[in-house]
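Open the model in your viewer and keep the selection tool at hand. The stops below go one selection at a time.

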Amino acid sequence: MRAGGPHELLGGVFDRDLCIGCGACVSLCPYFKSYKGKTSMLFPCTRSEGRCFAYCPKIEVDLDDISRAMFGEPYAADSLGRYRSVHIARAGKNVGSGTFQAGGTVSGLVMHALKTGSIDAAVLTGRNGLNPVPAVVTDINEVAKHATSTYTAAPTIAMFNRASQEGYERIGIVVTPCQALALAQIRRNPTNEKNYKDRSALVVGLFCTWSLDYRKFRTLIAEHVGVAAVRKFDLPPPPAEIMEVHTDNGIIEIPLPQVRERVPHSCDYCFDMTAEFADVSVGVLEGRTDMNTLIIRTERGEKAVEEAVRDGYITLGELPAENLDHLRAAAGNKKMRAFKKANDEGLINTPPDKNALFRIPKETIKRI
Amino acid sequence: MSYHTDTNEGAEYLLMGNDAIVRGALEAGVSVASAYPGTPSSEIIENLAKASADRNLYVEWSVNEKVALEVSFAASIAGLRAICAMKQNGVNVASDFLLHVALSGTRGGLVLVHCEDPGALSSINEGESRHFAKMNEVPLLEPGDFQEAKDMTKWAFDLSEELRSIVMMRSVTRLSHASGNVKIGRLPVPKTRAFFSYSGPMLDPETGPVLTMPVPPHHALLQEKIRKAAEIFEDSPFNTYTGPARPELMIITCSACSLYCREAVHLLGAEKRTGILKLGTTWPLPPKLIRKYLSSTDTILFAEEVLPFMEENVKVLASEMASDIGIKKFYGKNDGTIPMINELNPDILVEAIKKILSIDYTAVDPAYAAKAKSFVSSMAPVRDLTFCPGCPHRASFWNIHNALAMDARSGFVCGDIGCYTLGFLPCGFNTMKTSHSMGSGIGIACGFGKLTRFGMDQPILAVCGDSTFFHAAIPALVNAIHTKSDVIFVLLDNSGTAMTGFQPHPGTSFDAMGNGVIQIDPAAICRSMGATVEFADPFDIEATQDSLLRLLEEKGARVLIMRQMCALSPEKKGKKKYDVSVDQAICVGENCGCDRLCTRIFRCPGLVWDFERGAAKIDDVICAGCGVCASICPSGAIKKTEASG
């Protein structure tokens with residue numbers, strides 16, 4: 001893989017408006033800071049190689065390399081990425097009641113892992129108003145507070161970096177697909193750090209079609225309702241074309257096109273709807289807002305699910321074939337749109353002297 | 001024995017130009033002195049304050065130059081002699097009042113000393129306040145050396161009383177801050193009775209009310225004063241000529257430039273070919289004197305700093321006299337012989353004179369000059385203009401810079417006048433983007449803050465020191481609050497007029513003479529105007545940045561007072577709060593995760609890069625012990641412990 005430094009990160013990601021604010025480059029050094037969904041570089045750094053560049057999910061992402069490091073296989077020609085099994089799932093009886101975005105599967109998995117000690121901390125993303133705020137959670141009772149979708153891009157990986165520095169050894173983390181990709185980069189120690197240790201123990205990915213720019217989203221919401229009154233957001237399935245804003249005084253509907261205008265430019269290049277580099281990926285089950293779709297991708301993901309089922313923290317069911325087809329089609333559409341856009345703009349598989357957004361064998365694209 | 005009180009007439013002292021001016025004022029029996037500090041003028045008031053008890057003076061640091069002139073003027077029309085001092089751009093501040101003082105006239109001698117800074121060694125402008133003399137019809141004097149500075153000051157009071165007009169006297173850095181021998185004169189018994197007579201006839205200059213109205217008769221009287229001044233100046237001993245009766249070249253010069261002219265003529269051995277007419281009375285020019293010397297030659301060179309003030313005024317006279325004295329060849333600023341920026345020096349004069357007189361002379365061998373230049377660039381260490389070790393401004397700008405960078409909406413800082421003006425440089429992390437006159441930071445920011453309707457959504461901050469706040473920022477802040485302008489006003493309160501030497505200001509509890517005075521609280525002023533006021537200690541990096549980030553989300557005029565005393569203040573200097581050290585084993589240095597943040601970016605002079613060990617270290621000799629670097633170190637390698645004492 002190509003190494004690079006902050007200068008190339010600025011040119012290749014920030015200047016192209018590709019930064020999604022995942023926080024992979026944050027909390028490693030004094031230069032990159034995240035605030036209100038945006039990552040900024042405070043001062044110039046002169047290093048020609050750095051972790052900021054190596055961890056970033058928006059520059060020189062070699063999908064075969066990453067996939068080999070994680071799954072022992074090249075990048076899958078499958079719109080859902082590499083996986084072992086797909087299920088429907090929901091929180092089990094031992095989770096208790098709470099406000100979940102959907103079925104509570106994520107909370108169930110995280111609570112169980114904390115309870116059994118298979119993770120010693122969970123990096124979760126809560127909300128302060130509309131501002132997504134990542135946090136390190138070690139108390140099982142705190143998990144539910146972070147169990148709602150934020151919809152705005154969050155620097156969750158910055159909190160993972162900080163939790164690693166603070167000495168947590170087995171970190172569970174709930175991430176969006178771009179954050180999962182960043183984490184996959186981090187986990188293969190691309191800068192060959194001495195004494196590197198993979199401190200992630202369970203990566204739970206969330207399905208994602210796009211996120212929102214915090215400041216723009218806040219302005220939009222403020223046009224409709226006092227931000228303080230917002231409890232949660234929801235996107236009812238098509239053909240609704242609205243965003244539901246659940247407030248203290250009932251539900252407000254905002255036309256989806258207005259919301260989509262606030263989607264960061266970077267999301268247009270995202271080829272991953274289902275968090276392909278997580279241990280397990282979770283999304284809302286089509287047609288059933290109280291249930292989740294669950295994709296198990298790795299051995300340790302499989303183990304986490306099995307044990308959570310065994311101990312009553314989640315329950316599983318069989319995903320109807322029709323649902324899987326729809327999911328695959330939606331993920332495939334996103335993937336193809338992103339590949340086409342990136343390819344049209346010359347951001348894929350660039351010559352070695354020019355930084356690519358990502359690298360993927362042409363053959364694989366064809367097969368997808 | 002101090003020169004302030006020495007009554008031994010004829011005793012000789014080595015005095016700075018400003019000290020000579022002080023002695024001249026004391027010999028004139030001055031009773032009141034007022035000023036706003038500004039380099040190179042500040043020592044005048046400081047030294048008059050030292051003499052205040054012995055000589056029964058009232059001396060004050062006024063809130064700004066306009067008020068200073070008003071204070072001195074009051075003494076004048078109450079029959080006392082008064083002196084008012086300021087730097088060049090201070091005259092701009094005082095100029096509105098100056099226009100009216102000229103018109104109303106004065107009683108006791110009133111002298112305005114303006115010390116100018118050609119080359120802007122300690123200024124952010126190269127302003128020329130001589131033009132105010134001409135514009136406002138006020139006599140102008142320019143001493144040429146240290147003895148003259150003393151003698152001319154004393155005479156200026158007599159002149160002022162003879163004309164019943166304020167008199168301006170211009171010094172420059174190389175006179176105010178250089179030293180020379182001065183023979184002192186007699187110290188009089190100062191006048192002690194002040195009384196303002198106002199019951200006489202309207203236009204009576206000694207007993208009537210002091211007004212500028214009715215304007216036409218006052219203006220006619222003023223112009224009569226200027227005509228009379230020109231007559232007096234015809235015989236002034238401060239206009240001197242040295243050289244042959246009919247020189248090939250006549251240099252007309254004034255102020256410190258007269259010394260450079262003498263040196264240049266001497267270096268070229270051109271004494272027999274060149275005459276030097278040194279003018280001490282540069283406005284109005286004495287026409288007969290000028291006619292006499294213009295008649296003696298056909299070639300004239302003007303040597304003055306900065307703009308061609310004297311040059312153009314002489315040329316007006318020369319054109320009026322042309323039918324009698326003939327056509328002259330002029331060299332000076334307008335033809336490019338003498339630069340119109342920066343200070344002059346003997347080298348510049350040598351170049352000009354040798355060209356005009358076709359003298360073959362090499363001041364410096366070019367090969368030697370080239371060699372010297374290469375040595376200087378290769379061997380002299382880089383010395384940035386920077387803040388002192390432990391300076392609160394470094395921490396303040398660090399916080400502001402980081403908050404604006406994190407906020408990521410292209411916010412910026414409008415700057416003002418003080419040490420913190422360096423905020424536009426790397427030592428202030430290039431945070432400051434505008435800098436103009438005193439108080440203009442908040443004024444400009446106020447204007448920016450009203451541009452939201454034109455799509456401007458950049459956060460706007462203004463920074464201002466505590467002394468500048470009182471000087472000229474308050475009206476602009478009133479404007480910002482009144483118009484609901486979206487600005488953050490950051491008061492960098494370092495507890496004194498630090499840049500010019502800790503002169504007191506209205507926020508301090510003592511005056512120029514060391515007496516207790518009423519202390520004015522900036523926070524209370526801002527609150528009373530309806531602004532929200534918050535405080536932050538800039539050394540508390542995290543809390544200050546949090547405050548800034550929060551304020552950046554709010555609307556309207558917000559005030560944040562960053563309070564931390566100047567590291568050089570008498571209370572703080574030499575006292576370390578913390579012992580600071582670097583654990584070089586932990587220091588990340590040039591590696592990923594730091595890249596020498598402390599020595600490459602933060603750059604307090606107390607932090608040094610240890611090339612041998614590849615780690616930072618503390619220079620214990622100059623470290624002021626503020627401990628801020630311990631807060632910014634990303635790896636915790638910089639340690640601070642409470643200093644033992």
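Start at the end of chain B, with the hairpin of β22(B) and β23(B). Four residues lie between its strands, and B:G614 takes a positive phi near 60 degrees. This is a predicted model: local features need pLDDT of at least 70, side-chain atom pairs count only at pLDDT 80 or more, and totals for chains, interfaces and linings use all residues. Residues are numbered from 1 along each chain as its sequence is written, while chains are lettered from A and ligands numbered from 1 in the order in which they are written.

Strand β22 (residues 607-610) and strand β23 (residues 615-618) of chain B run antiparallel and are joined by four bridges. Helices (H or I, at least four residues) and strands (E, at least two) are DSSP runs, numbered from the N terminus; two strands pair if DSSP finds at least two bridges between them. Select B:W609: opposite it, in β23(B), is B:A616.

Zoom out to chain B. Colour domain 1 (12-234), domain 2 (240-357), domain 3 (392-563) and domain 4 (578-642). The bounds come from an automatic or database domain assignment. Over C-alpha atoms, the centres of domain 1 and domain 4 of chain B are 51 Å apart.

Next, select helix α10 (residues 287-294) of chain B. Its buried residues are B:L289, B:I290, B:Y293 and B:L294. They sit on the same side of α10(B), because they cover an arc of only 125 degrees around the axis. That arc is taken from the directions from the helix axis to the C-beta atoms. Buried means 20 or more other C-beta atoms within 10 Å of the residue's own, exposed 12 or fewer, and partly exposed in between, with C-beta atoms placed from the backbone. Among the elements covering these residues are α8 (215-234), β10 (249-254) and α11 (309-325) of chain B.

Move to helix α3 (residues 65-77) and helix α4 (residues 88-104) of chain B. Their axes come within 7 Å and cross at roughly 40 degrees. Axes are lines fitted to C-alpha atoms, for helices over the stretch in contact, and angles run from 0 to 180 degrees between N-to-C directions. The two helices, α3(B) and α4(B), are therefore oblique to each other. Angles under 35 degrees count as roughly parallel, over 145 as roughly antiparallel, 65 to 115 as roughly perpendicular and the rest as oblique. Show the residues that meet: B:L69 and B:F73 are among those in α3(B), and B:V93, B:F97 and B:V101 among those in α4(B). Contact here means C-beta atoms, placed from the backbone, within 7 Å.

Switch to chain A. Eight strands form an open sheet with mixed pairing, in the order β6-β5-β7-β8-β12-β13-β4-β14. At the edges stand β6 (131-137) and β14 (314-318) of chain A, each with a single partner strand, so one side of each has no neighbour in the sheet. Inside the sheet, three bridges join the parallel strands β8 (residues 200-206) and β12 (residues 280-285) of chain A. A:G205 has A:S281 in β12(A) as its bridge partner.

Phi of B:R596 is near 55 degrees, positive in a residue other than glycine. B:R596 counts as buried, because it has 21 C-beta neighbours inside 10 Å.

Conventions: Contact = placed C-beta atoms within 7 Å.
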